[in-house]
Amino acid sequence: MTRLDALRAIYLQLADRIVVTIMGAVAAELQSIGHRPNFFYLQHAMGLASSMGLGIALAKPHRQVIVLDGDGSVLMNLGGLTTLARYRPRNLTHVVFDNESLLSVGGFPTATSTGSDLAGIAAAAGVPRTARVATIDAFTQAFDEAIAAKDLTTIVAKVEAVGPSAYVTDLSLLENRFQFQRYLRS
Amino acid sequence: MSPVSTINSRAIYDALKACGIRLISALPETWLVHLIRMAEDDPDMTLVRLAKEEEGVGISAGAHLAGVKSAMLMQNHGFLASINGIVSCAQLYRIPLLMLISYRGEFGERDPWQTEGGGVTEDLLHALRIPSSCLDRPDHVAVRIAKAQTLALSSNKPVALLLRRDLMWEEAP
């Protein structure tokens, strides 16, 4: 499974939901499919996309929030999984694209390449629903179930370590930020 | 009885409420115990207990974009632990942060492990160009918190208030 194919498979369900992504390939690939005002790309601050998602989910309890995370980012804020689990926002779905590497800085392997199991870590942190998937069909099924379950879910999707040819897009960071704020407050 | 001042903690908490703060992220530290309990007991406040202070930057950023005013309670060592998030989330994306930082390691500090952080806190705030002020007397608590929040919102940037020993600790020196 490539991350791009996985994003395409859920894109229609992202269209009317609040989406927060990490930097790098996830941000560039989602924008290549089509940027929307309800998509925010945290283009640095690795590890904090799930914390931002928690802040939004607590502030907007009646809206569904999707966080598109990655293995390198989650590994920088494992404690954040315990905070997510502790407050258990039922309107938050946490997708972790796990390519077992820090792709955008040269593809160096992360600890998930040597067996660290982020779905297991999330479950042990107290996240009530977790899934571990490696195919598009299993991913879309897990994603649909997470939305329907109306409970905090972490889906770890194993994806190939391939990404876009470029990471900088023509969407400026602050344009994205103020557009997203306007969307959230409208 | 803890020598942490309940009266002055209450003044700080009431000032935060008066600014419209509805979400507080916190990591416990001795001087903050009353403030955290006040937030916990307040049905109109969302208290988010953190594993590490940097998470609070992300939580406040998300809350702000969604229209909820928030504040962060941390020790100065928690500020040190948050710096990447402050720079690469809050400053990069022009997010207002109201940071209340207990200023350990100043004159009067008895805990040896707190003494190093005190010496670098203000230098780091200056290096990061974060506007800051101290809270050291009860009579200016409300107005300084209100002004700090006003600047955070008008500039879309982090601001810091340093909670000093003279305000927070009632034990004789």
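Me: What makes two residues count as a contact between chain B and chain A, and how many residues take part?
Reply: Two residues are in contact if their C-beta atoms, placed from the backbone, lie within 7 Å. By that rule the contact takes 27 residues from chain A and 26 residues from chain B. Of the residues on the chain B side, 14 are nonpolar, eight polar and four charged; here Ala, Val, Leu, Ile, Met, Phe, Trp, Tyr, Cys and Pro count as nonpolar, Asp, Glu, Lys and Arg as charged, and the others, Gly among them, as polar. This is a predicted model, in which local features need pLDDT of at least 70, side-chain atom pairs count only at pLDDT 80 or more, and totals for chains, interfaces and linings use all residues. Residues are numbered from 1 along each chain as its sequence is written, while chains are lettered from A and ligands numbered from 1 in the order in which they are written.

Me: What is the predictor's confidence in chain B?
Reply: pLDDT is the confidence in each residue, from 0 to 100. Its mean in chain B is 96, and 98% of the residues reach 70 or more. The model scores ipTM 0.96 and pTM 0.97.

Me: Why does the radius of gyration of chain B agree with a compact globule?
Reply: The radius is taken over C-alpha atoms, and the globule rule is 2.2 Å times the number of residues to the power 0.38. For 173 residues a compact globule would have a value near 16 Å; chain B has 15 Å, so the two agree. The C-alpha trace of chain B spans about 45 × 35 × 30 Å along its principal axes.

Me: Why is strand 3 of chain B called largely enclosed?
Reply: A residue is buried if 20 or more other C-beta atoms lie within 10 Å of its own, exposed if 12 or fewer, and partly exposed in between, with C-beta atoms placed from the backbone. Strands (E, at least two residues) and helices (H or I, at least four) are DSSP runs, numbered from the N terminus. In strand 3 (residues 70-75) of chain B, six of the six residues are buried, so the strand is largely enclosed by the rest of the structure. B:Ser70, B:Met72 and B:Met74 cover one side, and B:Ala71, B:Leu73 and B:Gln75 the other.

Me: What makes strand 3 of chain B paired with strand 4 of chain B?
Reply: Two strands pair if DSSP finds at least two bridges between them. Strand 3 and strand 4 (residues 97-102) of chain B have four bridges, in the parallel sense, and B:Gln75 stands opposite B:Ser102. Strand 1 (residues 23-26) of chain B also pairs with strand 3 of chain B in the parallel sense, over four bridges.
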